[in-house]
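Hello,

Here is the structure I said I would pass on to you. Have a look at it first, and then read my notes below.

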Amino acid sequence: MAHKKVDQDVLKALETLRSLEAPPFILETALSESLIPIASASLIRPRAKALMQLFDIFSNFAEVRNEDLGLVMAALFDLLVGLDYIENYFQNRITKHNNTVDAFVCGKKLFITFVNVCPQCLIENKGLVEAKGGHKPQSAHIGEASSQILMFLLSLLISKRSNEPAVNALVARKTSATIDAVLLFPQKHRILLGEIKASPLVTYPAMLSVPPTVEATILERHHEKANVRVENIKEVALVMQDGTALSLGHPPKGSNQSYLGWTYEHLASNLKSEHINVYIKNWKELYYMYKSGRTSREQPLKFFFTHGSGKPASDSKNAPGFDRTDDIKKATYQLIKISAEHLLEGGTKQISVGVFSNLGPTKHFDAYLKDILNVALFKPSQYGLSITDYKTPRVFWRYLYDAILTFNYQFFNDKVIEEILGTFLKPSPRAKDDQ
Ligand SMILES: [Zn+2]
């Protein structure tokens, strides 16, 4: 049954692509099912209902509290990716490690952590203690989780907040595909395809509660890892830098269970606005530290909760969003390649290219991106022109970047895409917390 549903979603997406006159290379990628509708994606489908509830809870929170919607969405992205890491960790330990987790111990507390420092010592401002071999997923899983969650949130946001409610998003089944993602705007007869360069700012650690009898055996393992059987875990909670814990319930019992969705479902049913308030407050504190541009060593100790904050926590290749220099270089090359191979031939004016991310190029914008955003591409020989024919008509060239779409930063060369997306993410004039 599940397989049949996937086929139907793909067929529907193909129909939309054809009606938008998508060029052959996109149709072929979609036909081979390496580009699938976001609702069918492996990490979205089993969690779709809870994901939509969480989106509604957070977007309503932003509206009621006059919060910047973009920042609330960026914080929600981090929350969802972090929960995915936790579920993925439990799933792996159940299937491959005989129902046992190897938690990091500090005092009486047990943690699953995704940056390699002791969270409890950061909370208590005691120092930077390395937590060797954290619990981060494999990089292929990280890529898949952040891509799928980003495109799901972006498509919900566009469908609810823009003048394109019929938007559809397609994602690559493999992270090595030529096209990472496609947004389809049927009403505006437009396709935006591009590279995903998404990566969370902070994925908070999970704290595990166990009965006192189990606690006694792990006490002597201070700042080491200890084995805990999953059935002994009473509760799992996210812990933030101010020490607040946000309960995620307990992992499902029984080894045949799917672990995809239990934290999402728990939060979707139990999250109160005071919990969201605390989460957003903590997240924004780290976001503004990051945005300040100070080095990690100039920041308060709690900054080491963030990805890309430096050794031993997390090295710079884990920098959040579209802010890693290697990612800016790779995305730029990939966009040149797609344009050169498929889009500079003419007859593809309804297609735009760009980058999708959770956060914009905060630190590296000036040095790496600013001066190339107005660059246009052109193949003189193709039209029998030479490079001295500088008055080249618009039909022969296209922008290198038509758009950059993130939750806290948007850039548009393409006026149609700007018309669809350029207004709804901007902070409302009444938003008071952004700086
Ligand atoms: Zn510690």
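**What I found**

Buried residues account for 44% of the 435 residues in the chain. Please keep in mind that this is a predicted model.

Along the principal axes, the C-alpha atoms fill a box of roughly 80 × 55 × 40 Å. Of the contacts with a separation of 6 or more, 68% are between residues 24 or more positions apart.

Next, the domains. The chain is divided into domain 1 (2-38), domain 2 (45-142 + 202-318) and domain 3 (167-199 + 323-421). Between the C-alpha centres of domain 2 and domain 3 there are 34 Å. Their contact involves 11 residues from domain 2 and nine residues from domain 3. On the domain 2 side, helix 4 gives the largest share, five residues. That side divides into five nonpolar, four polar and two charged residues.

Helix 4 (residues 69-96) packs with helix 9 (residues 273-291) at an angle of about 100°, and their axes are 10 Å apart. The angle makes helix 4 roughly perpendicular to helix 9. Leu71, Val72, Ala75, Asp78 and Leu79 of helix 4 meet Tyr279, Ile280, Trp283, Lys284 and Tyr287 of helix 9 in this contact. Eight of the contact residues are nonpolar, none are polar and two are charged.

Best wishes

Methods
Residues are numbered from 1 along each chain as its sequence is written. This is a predicted model: local features need pLDDT of at least 70, side-chain atom pairs count only at pLDDT 80 or more; totals for chains, interfaces and linings use all residues. Axes are lines fitted to C-alpha atoms, for helices over the stretch in contact, and angles run from 0 to 180 degrees between N-to-C directions. Helices (H or I, at least four residues) and strands (E, at least two) are DSSP runs, numbered from the N terminus. Angles under 35 degrees count as roughly parallel, over 145 as roughly antiparallel, 65 to 115 as roughly perpendicular and the rest as oblique. Two residues are in contact if their C-beta atoms, placed from the backbone, lie within 7 Å. Ala, Val, Leu, Ile, Met, Phe, Trp, Tyr, Cys and Pro count as nonpolar, Asp, Glu, Lys and Arg as charged, and the others, Gly among them, as polar. A residue is buried if 20 or more other C-beta atoms lie within 10 Å of its own, exposed if 12 or fewer, and partly exposed in between; C-beta atoms are placed from the backbone. Domain bounds come from an automatic or database domain assignment.
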